[in-house]
Amino acid sequence: MGYPFRRMYIDEFKHQLPDLDSTETTEWIESLDQVVEDEGETRARFLLFKLLKRARQLQVGLPPLTNTRYINTISPEQEPFFPGDEGIERRIRRLIRWNAVAMVLRANSQFAGIGGHLATYASAATLYEVGFNHFFRGKDGEGSGDQIFYQGHAAPGIYARAYLEGRISESQMDHFRRETPPQDGLSSYPHPRLMPDFWEFPTVSMGIGPISAIYQARFNRYLENRGLLDTSKSRVWAFLGDGETDEPEALGALHVAAREGLDNLTFVVNCNLQRLDGPVRGNGKIIQELEAVFRGSGWNVIKVVWGREWDELLARDVDGVLVEKMNTTVDGEFQKYSVAGGAYIREHFFGPDPRLGKLVEHLTDDDLAKLRRGGHDYHKVYAAYKQATEHRGVPTVILAKTVKGWTLGPGVEARNITHQAKKLSEAELRIFRDRLELPIPDSHLKDAPYYHPGPDSEEVEYLHERRRALGGELPKRVVRAGPLPAPKPSFDAEFAAGSPTAVSTTMVFARILRNLIRDPDLGPRIVPIIPDEARTFGLDPLFNEVGIYASGGQQYEPVDSELVMKYREAVDGQVLEEGITEAGSVASFTAAATSYATHGHAMIPFYIFY
C-alpha cells in the first residue's frame, strides 16, 4: 500500500517477431527508464515526440499519433509571410461584425421573436475573412471556382460582407428572415431556393453541410477522372461548429474522404467550445476529441489553438509546465477563463504552479485577459489555410479555437446564453462600438444603424481588389449549363412494341437506364447511384459495361473475372457504387443533380434505392 500508484499496461508488442539485436533494444529501453527516473515523465514525453517527428521525416512508416499536444500544429518559425494589409483587413472585419449584429438587432426590434444569431459569426469572423481575402476562388476566373459550405448560423456575417460590396441593399438587410416584398428579403440561412443567384448549397440542417461537402469533393474528382470536366482547380471548403459534430452525418463519412484521397477538401471546425445550451465538452476537450477522430479516419489535422501572444510564453516553457497545464485543463475551465478576467486567470491557471506564475510575472492582468485563442489571429489562420491547400494525398481539417460571441461584450461573450442572444442593450451596443472603434454617435445607437464607409473607401476598394484577384464575388450561384440533348427515340422502342410475356417494372427500368447510358450524346451524363443493391435491381450488367467508379482503379483480380458480368472497378467508371449508405447516396445525388449550376455541366443522376 505504500508504493505509488502506477497504471498497468499490457505489453502489446508481438513477441513472436524476431529481435535482430536484443542488446540494442534493451539499451534503448533502459535509456528511457533512466530519463523518466532522473528527469520525469514530461521530459521523456518530449523526447518521444521528437523521435516520432524525426521518424516521420525519415519516412520510417510509423502511423501518426491520434492525439498531439494542446498547442498549435504549426510552430511560429514554420509560419509563412502574411501577404495582406493587417490594418485594412482588421477594419473590414470590424465593419462586417458591426453590420451583421445590426441586421439581427434591427430585425428583432421591428418584429419581436423573428430570431437570428449574433454569436456564431462573431466567433468565426477571422476564419471567414482570411478565406475571402486570400483563398476562396470565385467563378469569374478559370474553372468553376471553389465550393464553400458556410455554417448556417453564420449567415448574418456573409450578408454583411455582401452589403459592403454593394451586392445587398440596406432594404434587403432590413428584410432579414422575411420573404416579403418579393426578391427583397434575405433567407434565414444559406439556401438557393429564395436566393438563386447567391447561395449555392443549403447547410443549416446540422450535419448536412459536412457530408455534402465530402461527396461534392468526390464528385469533382469523378467528373475529372471520367474526362468530363477539369475540376483540378476547385477546392471544397466546409465550415462547421464543434457542437455540430455531435450530429452523426457530420462525421459519418470521414473515412470516404480519406479513402478517396480528397486533398481538394478542407474542413474548418469553429471550436468555440459551446453549443446551444452550454459547453460542448465541459469535462473534456473537444479539440483533442476531434483530432483523434479525424486522425483516426486518415485526415491531415491542423490545430490552431493559441494566438501569437502565447508564442513567447511557450518558447520560455523549458520545463513543459505550460504545455502540461494546457493539456490537462478542461474546456469548462477555459470557458470560465474567457469571462473571469486577468486576475482570475493569474490565480487559477498560472497560480497553482510557481513556475507558471514566474512565466507571466512580467504581464499585467489586462495582458493575461488579452491572450487570444488562435482562431482570432489571422496570422495563425492564414498559416493553417496555406498548409491545408498545399497538403497532398488526404483531406485536411483545421480545428480553430475561438470564443463564442467574440467582441460582443461581457453580457454575451462566452456566456452559456450566447447562442440564444438576439438583442443587445444600448449600453452593450456602446461597448461593442467602442471595441470596434467605429465613428457612430451615441445618439444613433438606439437604432443600431448600419455603417458603410462609402463605395470609394479604402476598405471597400481593398475588399473588391482581393475578390477580383481571386476570381470574383462569393457567395455566388451561376447557371451557365446549356440544354441537354434529347434521348434517341429508340431508347424505349422495344417497350412501345409490347411483350407477349409479363415484364417487371424493375426490369423495364434497368433496360431503359442501360439504353440511356448507351446513347452516345446523353449517355456520359448519366450517373447511376446504387447503395449496394445493383444485383437486386438487375443493374449488375453495368459493372462491366461502364465500370464502377474507383479513384484508385482496380488493384486486384475479382473472383468473377472470367464472367461476362464481372465486378469491374475503374478510374473512369460511371457507376457510383456507394455501399450501404443512404445518406451518402443522397449526397452524391445532390452533387450530381446540381452540377449544372456548380460547374456549368449538367448531369442526370439516377438514385436507385429500396
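Start by selecting Thr 329, which sits in the loop between helix H12 (321-328) and helix H13 (331-340); helices here are DSSP runs of H or I with at least four residues, numbered from the N terminus. The model is predicted, so local features need pLDDT of at least 70 and side-chain atom pairs pLDDT 80 or more, while totals for chains, interfaces and linings use all residues. Residues are numbered from 1 along each chain as its sequence is written, and side-chain values use heavy atoms, without hydrogens or water.

Is Thr 329 buried or exposed? Thr 329 counts as buried because its relative accessibility is 2% (buried is under 20%, exposed over 50%, partly exposed in between, with a 1.4 Å probe and protein chains only).

Now show what surrounds Thr 329. Beyond its neighbours within four places in sequence, Thr 329 is in contact with Lys 285, Phe 334, Tyr 337 and Phe 349 (contact means heavy atoms within 4.5 Å). Next, pick the backbone oxygen of Lys 325: the side chain of Thr 329 reaches this atom at 2.6 Å.

Then move to the surface and select Trp 28, Leu 32, Val 36, Leu 48 and Leu 51, a nonpolar patch with about 450 Å² of accessible area together. Helix H1 (22-39) and helix H2 (41-57) are the elements that each give two or more residues to this patch. The largest share, three residues, comes from H1.

Finish on Leu 32 in helix H1. With a relative accessible area of 34%, Leu 32 is partly exposed.

Methods. Polar contact = N/O pair within 3.5 Å; in protein donor to acceptor, adjacent residues only side chain to side chain. Patch = residues over 30% accessible without salt bridge, like charges linked within 9 Å, V, L, I, M, F, W, Y side chains within 5 Å. Areas by Shrake-Rupley, 256 points an atom, 1.4 Å probe, with all protein chains shown as cover. Salt bridge = Lys/Arg side-chain N within 4 Å of Asp/Glu carboxyl O.
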